[in-house]
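I opened the model today to look up its sheet and one of its helices. My notes are below the display.

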Amino acid sequence: MQALSRRLVQRPLAGEASIYSSSSLRSLYGVSNHLNGTDNRRYSSSLATKGVGHLARKGTGGRSSVSGIVATVFGATGFLGRYLVQQLAKMGSQVLVPFRGSEDSPRHLKLMGDLGQVVPMKFDPRDEDSIKAVMAKANVVINLIGREYETRNFSFEDANHHIAEKLALVAKEHGGIMRYIQVSCLGASASSPSRMLRAKAAAEEAVLNALPEATVMRPATMIGTEDRILNPWSMFVKKYGFLPLIGGGTTKFQPVYVVDVAAAIVAALKDDGSSMGKTYELGGPDVFTTQELAEIMYDMIREWPRYVKLPFPIAKAMAAPRDFMVNKVPFPLPSPQIFNLDQINALTTDTLVSDKALKFQDLDLVPHKLKGYPVEFLIQYRKGGPNFGSTVSEKIPTDFYP
């Protein structure tokens, strides 16, 4: 009985409950709040919270944690998208994946995050209500949508400019979007000979007009397992035995590893807001001519380099029929690979990172060199399999020996 009375005396009254609240006990005894991450950067949210309220977050930062990021990634089913979704999902972000094609299109992305964290959502880029639906729960929007060739349904301006403008306007109306990232292209300019690059420049202007604090990323030509430059080149070489060098192969550019571009986008989300309203030019560490990049490709697939140098007028004449017919036939035309008229126009000028531009280093990143692992996927094109191919002696022309 005495023990029971002692327990009753020690129990606080209802009015005194706040004195013994969990926060008070933590402050008295120095208990770490390991769920909410208030005292340890390891557990803090990776989302810059400039001008926003509380974020629900917990965990150590892995895929089963909650980072506080709910990101709608438009264009996630494309080349860059899969690498970006993987990096977002592995740190505990929820990723909403709008798609407009088959339900199989985003299937591979669901495996990149914890159960229920990667959510495919059907949408129509021309329907504002469906755009609002996929943005409704998001606090981050990333636009990767773009196309380097025209189709019957989407022109360069539709795919690269008008959709981006509509997304920015909907995000502005949403009111709860904390970060907006627009992925453009290196070389985007209103004076570019390429229609795609002109459309990308118009999209940048439209997005920044609607959301002045948006971040613009301008990646150079991206290299990776599913890329649209080394893969088509290798397939062309395996089929025809040579590679056409458009413009003689002298155009200079700075190809970049796709994983580095995805890392740059995530780094912008994780900073303190310093990247907001800025434009970054993301080029690789080395400058290559078209022929020098082709040499790397040939070396990896173990074939002797054989080229046919095509002047720009001839290359444009070979590529022109598709552009002329794309809107004049009642059926879709094949996607251009080597002979893409707009890309041929873009090759008439060098595409390099400008000296005064913000680069990877401004996001505390160092891009990979292109030789080695970033192009190792090309071993699939070796004659006889990945471990075979032409030997060094076979590469040396017969007239080399005296």
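Predicted model: local features only at pLDDT ≥ 70, side-chain atom pairs only at ≥ 80, totals over all residues.

Residues are numbered from 1 along each chain as its sequence is written, and side-chain values use heavy atoms, with hydrogens and water left out.

**Sheet.** I looked up the strand order and found β3-β2-β1-β4-β5-β6-β11, an open sheet of seven strands with parallel pairing. Strands here are DSSP runs of E, at least two residues, and helices are runs of H or I, at least four, both numbered from the N terminus. Strands pair if DSSP finds at least two bridges between them. β3 (118–122) and β11 (279–282) each have a single partner strand, so one side of each lacks a neighbour in the sheet.

I then checked β5 (179–183) against β6 (215–219): they pair in the parallel sense over three bridges. Val183 has Met217 of β6 as its bridge partner.

**Helices on the sheet.** Helix α6 (195–210) packs on the sheet and touches β5 and β6; contact means heavy atoms within 4.5 Å. Helix α4 (128–135) lies across β1 (70–74), β2 (94–99), β3 and β4 (140–143).

**Helix α10.** Which residues of α10 are buried? I found Ala315, Ala319 and Arg322, with buried meaning under 20% relative accessible area (1.4 Å probe, protein chains only). Their cover includes β8 (243–246) and α11 (341–346).

Definitions and conventions: Buried < 20%, exposed > 50% of the residue type's maximum accessible area, 1.4 Å probe, protein only. Axes fitted to C-alpha atoms, helices over the stretch in contact; angles between N-to-C directions.
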